[in-house]
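Here are my notes after a pass through this one, in the order I'd look at things. Have the viewer open while you read.

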Amino acid sequence: MTDASPVPVSPVPPSKTTGQAAAFDHVVVGAGINGLVAAALLSRRGGKVLVLEREDHIGGCMRSAEVTAPGFLHDVLATTFVLFVTSPAYAELGADLARHGLEFCHSPHPTAVLRPNGESLVLTRDRACNIGACSARAEGDGASYGRDVGEIEANAQLLFGLLGGALWSGATFRLLAREFWRRGMHGLSAYIGSLLVPARGWLETSYASPLTQALFAPWVRHCGLSPEDSTSAQMAKVVAFALEAAGAPIVKGGAANAATALRRLIEERSGSIRTRSPVDRILVEKGRATGVALSSGEIIRARKSVIASLTPSELYGRLLGEAAPQFTRDKAAHFRHGSGNFQLHYALDRAPRWIADGLEKVALIHLSEGLDAVSKSYNEAMRGLLPQVPTICVGQPAALDSSRCPPGKAILWIQVPDAPRQVKGDASGTIATSGSWDEATREAFADRIEAILARHIRDFRRSILGRHACSPADLQSINVNLAGGDPYGGACSIDQFFTWRPFTGSVNHHTGIKGLYHIGASTHPGPGLAGGSGYLVARELA
């Protein structure tokens with residue numbers, strides 16, 4: 001994999017050997033979006049902050065590179081920033097980030113679904129238009145859509161307060177108390193119960209058209225859930241509401257530019273970032289985190305906090321070991337990851353010619369038969385099989401941002417959210433597997449995806465200039481937090497989500513060790529490019 005190294009960081013030199021370790025107010029381990037948001041907020045509020053990153057670049061999943069051909073810039077991992085532009089972190093940092101060059105590109109058509117028979121349905125940022133489009137598919141579907149997104153809007157204060165706020169806090173207690181007073185015991189209980197409905201139950205009882213069901217069903221996979229999981233209906237409604245409200249924006253010039261803007265903001269306030277600085281262990285003295293030891297042997301002290309953006313196994317296993325409380329070690333040992341992702345990138349000689357009209361400017365297109373197909377693909381991946389017909393999400397970055405490739409050319413960003421973390425076989429029985437994500441298995445699965453694309457895009461293969469595939473194993477090698485290629489920091493089923501993330505007994509982002517905070521996709525509010533956990537911890541510490 002060739003990398004354009006788009007976010008170079010001038011390394012901060014280690015402290016000179018004087019017997020005195022370097023000291024900072026806050027030491028952040030991991031330079032993904034949560035670590036960078038935490039560092040930006042803490043440095044803006046006067047803290048002396050150091051961010052340590054093991055790789056040679058910052059950004060975590062915000063990575064851009066010319067992986068297919070020169071002049072074609074791809075977001076190698078994450079690409080859509082709808083959760084960030086609607087987040088409290090962006091509300092606070094947005095003006096400063098814009099000053100440092102962060103700019104978003106939008107489309108009025110954030111998503112669509114295209115079925116194999118050529119049927120398509122586009123979601124726009126106009127609610128009346130969406131209601132009309134759903135109504136045209138089946139009587140009552142438009143009314144159901146208006147009711148569903150209107151319900152999210154009407155309950156936004158409570159819903160987003162729970163999904164994005166510090167759960168064990170006075171603010172959340174007051175929020176629930178107000179809702180209890182307003183709704184009554186049975187009313188509040190009924191609302192909370194409605195949050196647990198699986199997407200299958202919601203879609204089958206609310207939408208008569210298989211096409212309308214197919215529009216929403218794939219989005220549950222972007223929440224780390226299946227259509228049969230509790231809460232998946234509510235999360236799909238939240239996604240629909242967010243896409244309608246904010247679209248599916250991408251960063252102009254590549255996702256890595258978001259990391260660049262955060263770096264500039266951190267450094268503007270005298271914060272520091274060091275790359276190629278893997279942490280070997282977190283130092284704990286008398287029950288308090290006092291700093292970190294790097295793999296080089298260098299010691300860095302933290303006067304106020306160590307903030308770790310890691311998976312539970314990395315934090316409570318490798319970096320803490322016996323210093324971690326027995327309770328957290330036991331829980332971390334049983335923490336579960338979900339399915340892996342498979343990323344595929346194309347450089348094209350021209351914009352794709354879809355078999356359905358009106359998809360040219362859509363940001364994200366799902367290729368799927370519908371609800372049952374999404375469920376089947378997920379089930380096969382979770383059993384260790386290469387899905388026979390995987391759920392495919394196709395991004396068209398060049399349709400939003402022409403700077404991504406040469407004039408007249410195009411790129412595709414492909415994400416398959418249903419790839420087995422460990423390969424046990426092939427659901428169709430046509431790909432010979434060795435039990436691992438070796439090169440032959442990766443390319444054979446990429447060929448399967450390409451064959452599906454060729455059925456949805458006219459003369460697709462003749463337009464290909466370059467292809468680059470990343471298996472779950474490749475994703476983990478790029479970012480250690482993508483364990484088994486899981487981009488969501490762990491399974492997002494209800495037992496590992498909300499107040500139980502990363503595990504039961506969790507209290508906000510505390511770890512059982514004073515001064516040590518756990519952030520990242522494995523913690524509340526969960527995965528996605530929102531910077532939510534970094535924001536919450538920074539707010540607590542400021």
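1. A definition to begin with: a nonpolar core here is a set of buried Ala, Val, Leu, Ile, Met, Phe, Trp, Tyr and Cys residues joined through side-chain atoms within 4.5 Å. Keep in mind that this is a predicted model. By that definition, the largest nonpolar core has 39 residues, and Y145, W202, L203, F216 and L364 have the most contacts inside it. At least two residues of this core come from each of β7 (120-123), α4 (127-137), α5 (141-154), α8 (199-206), α9 (210-216), α10 (232-246) and α14 (371-382). The top contributor is α10, with six residues. As general background, nonpolar side chains in soluble globular proteins tend to be buried together.

2. Zooming in on L203: leaving out residues up to four places away in sequence, L203 touches Q213, F216, A217 and L371. There is also a second, separate core, this one of 38 residues, and F81, A259, L536 and A538 are among them.

3. Is H345 buried or exposed? H345 counts as buried because its relative accessibility is 0%. The residue lies in strand β13 (residues 340-348). Its side chain reaches the backbone oxygen of V76 at 3.1 Å.

4. Now the loop between α17 (472-478) and β20 (516-519), where I494 sits. I494 has 32% relative accessibility, so it counts as partly exposed. Together with L196 and W500, I494 forms a nonpolar surface patch with about 240 Å² of accessible area. F498 is also found in the loop between α17 and β20, and has a positive phi of about 60 degrees although it is not a glycine. With a relative accessible area of 26%, F498 is partly exposed. P502 is in this loop too, and a cis peptide bond joins R501 to P502, with omega at about 5 degrees.

5. The peptide bond from H524 to P525 is cis, with omega near 10 degrees, and P525 is in the loop between β20 and α18 (532-541). T231, in the loop between α9 and α10, is not a glycine, yet its phi is positive at about 75 degrees. T231 counts as buried because its relative accessibility is 13%, and the cut-off for buried is under 20%. Why flag such backbone values at all? Because most residues other than glycine have a negative phi, and most peptide bonds are trans.

Note on methods: Residues are numbered from 1 along each chain as its sequence is written. This is a predicted model: local features need pLDDT of at least 70, side-chain atom pairs count only at pLDDT 80 or more; totals for chains, interfaces and linings use all residues. Side-chain values use heavy atoms; hydrogens and water are left out. Buried means under 20% relative accessible area, exposed over 50%, partly exposed in between (1.4 Å probe, protein chains only). Helices (H or I, at least four residues) and strands (E, at least two) are DSSP runs, numbered from the N terminus. Contact means heavy atoms within 4.5 Å. Patches are made of residues with over 30% relative accessible area and no salt bridge: like charges are joined within 9 Å, nonpolar side chains (Val, Leu, Ile, Met, Phe, Trp, Tyr) within 5 Å. Accessible areas come from the Shrake-Rupley method with a 1.4 Å probe; for residues, only the protein chains shown count as cover. A salt bridge is a side-chain nitrogen of Lys or Arg within 4 Å of a carboxyl oxygen of Asp or Glu. A polar contact is a pair of N or O atoms within 3.5 Å; within protein, one must be able to donate a hydrogen and the other to accept it, and residues adjacent in sequence count only if both atoms are side-chain atoms.
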